[in-house]
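Biologist: Could you walk me through this one? I would like to know what stands behind each word you use.

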Amino acid sequence: MTAAESRELHELVEQYAQAVDRADGTAVAALFADDGVLALWMDPGSDKQSGEMVGPEQIAGVGDSLRRYVATHHTISSHTSVVDGRNASGETLCTAHHVEDVNGKRHDRVMYLRYTDSFTRTNEGWRFSRRELRVQWVSVLPVDG
């Protein structure tokens, strides 16, 4: 893997986090291949898949689902990837803050996420071909102010 490929894949992961934090589903969907898949395991205590979105129209719905929060903030703590020709695989760890207003009180639902990624190189650059999001655990914290 070249330094440029490593940088491009890391930038793709960062662009995803930024688009999610803007609740911009169209921008999230644009980071996936046309037949890309976003698979979700949202219950940390279960091995059961909780959802799957295929293609840009379904993946764009991510933006709508995030608008229920006052704010979100995704921090990437690590990212590794391996390139094999026009494909790559990787893993990303992320701490995702979701500020919610519950009965006039704000709480930060912090999700500790592990993404298992498959990438493909397209004419537009690297894109996710499959992104698996697994919530490892959740903390709920009070928010001041």
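Biologist: Which residue in S2 does alanine 39 stand opposite?

Modeller: Alanine 39 stands opposite glutamate 52 in S2. Before we go on, this is a predicted model, where local features need pLDDT of at least 70 and side-chain atom pairs count only at pLDDT 80 or more, while totals for chains, interfaces and linings use all residues. Residues are numbered from 1 along each chain as its sequence is written, and side-chain values use heavy atoms, with hydrogens and water left out.

Biologist: What makes S1 and S2 a pair?

Modeller: Strands (E, at least two residues) and helices (H or I, at least four) are DSSP runs, numbered from the N terminus. Two strands pair if DSSP finds at least two bridges between them. Strand S2 (residues 51-54) is joined to S1 by 4 bridges, so the pair qualifies, and the two run antiparallel. S1 is also joined to strand S6 (residues 125-142), by 6 bridges, and these two run parallel. There, valine 37 has arginine 130 of S6 as its bridge partner.

Biologist: Why is S1 called largely enclosed?

Modeller: Buried means under 20% relative accessible area, exposed over 50%, and partly exposed in between (1.4 Å probe, protein chains only). In strand S1 (residues 32-41), 8 of the 10 residues are buried, so the rest of the structure largely encloses this strand.

Biologist: And why is aspartate 117 called buried?

Modeller: Its relative accessible area is 2%, and the limit is under 20%, so aspartate 117 counts as buried. Aspartate 117 sits in strand S5 (residues 105-122).

Biologist: What makes the link between the side chains of aspartate 117 and threonine 92 a polar contact?

Modeller: A polar contact is a pair of N or O atoms within 3.5 Å; within protein, one must be able to donate a hydrogen and the other to accept it, and residues adjacent in sequence count only if both atoms are side-chain atoms. The value for this pair is 3.5 Å, so the contact meets the limit.

Biologist: Which residues line the largest cavity?

Modeller: The lining is made of Val13, Tyr16, Ala17, His74, Ile76, Thr92, Cys94, Tyr115 and Arg131. H1 gives the largest share, 3 residues. On a 1 Å grid over the protein atoms alone, a cavity is a set of points where a 1.4 Å probe fits but cannot get out, and lining residues have an atom within 4 Å of a point.

Methods
On a 1 Å grid over the protein atoms alone, a cavity is a set of points where a 1.4 Å probe fits but cannot get out, and a pocket is an open set with protein on both sides within 12 Å along at least five of seven lines; lining residues have an atom within 4 Å of a point.
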